[in-house]
Amino acid sequence: MAQRGRKSAADLAIVRSNSISAISRPSPPKELTTEQANEWLQVVNRMPADWFPRETHGLLAQYCRHVVSARRVADLVESLLSGETESSDWLGDFDKLLKMQEREGRAISSLATRMRISQQAQYSKDKKSGKPSRDLPHLS
């Protein structure tokens, strides 16, 4: 017969063996390059173990591809600016690279927000306060 009423603290402190399960972090997909897989691991290891369920792995893989591509474009921009790369149409090449850089940045931002790994995605409206604290002196 079951005991009536609230459970005691001692009863609640008992850990049932079937209630514990290990949560493992997702491994990078095999189709990612080494650099992209390293980015995957860095992102996954910064977040809680259960942050990326299976249905988000495609988004995360694409995010890692865009991050690596953005680095490469940034290297090309730097190479062009430093004079390491010669160009017959310097301004045209520079403009194309900046457009590529902007596209990569927008893709990264969009994917990060959707996976809730950006600062904007983690922003809480509850923490927003436009009023000064009463504890702080007013500066006038």
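Mentor: Glutamate 104 sits in helix 4, where helices are DSSP runs of H or I with at least four residues, numbered from the N terminus. This is a predicted model, in which local features need pLDDT of at least 70, side-chain atom pairs count only at pLDDT 80 or more, and totals for chains, interfaces and linings use all residues. Residues are numbered from 1 along each chain as its sequence is written, and side-chain values use heavy atoms, with hydrogens and water left out.

Trainee: Is glutamate 104 buried or exposed?

Mentor: Buried means under 20% relative accessible area, exposed over 50%, and partly exposed in between, with a 1.4 Å probe and protein chains only. Glutamate 104 counts as buried because its relative accessibility is 15%.

Trainee: Which residues is glutamate 104 in contact with, leaving aside its neighbours within four places in sequence?

Mentor: Contact means heavy atoms within 4.5 Å. On that basis glutamate 104 is in contact with His66, Ser69 and Ala70, and its C-alpha atom is separated by 5.9 Å from that of histidine 66, which is 38 residues apart along the chain.

Trainee: How should I read the phi of arginine 116?

Mentor: Most residues other than glycine have a negative phi. Arginine 116 is not a glycine, yet has a positive phi of about 60 degrees; its place is in the segment after helix 4 (90-114), and at 47% relative accessibility it counts as partly exposed.

Trainee: How many helices and strands are there in the chain?

Mentor: The chain has four helices and zero strands, a strand being a DSSP run of E with at least two residues.
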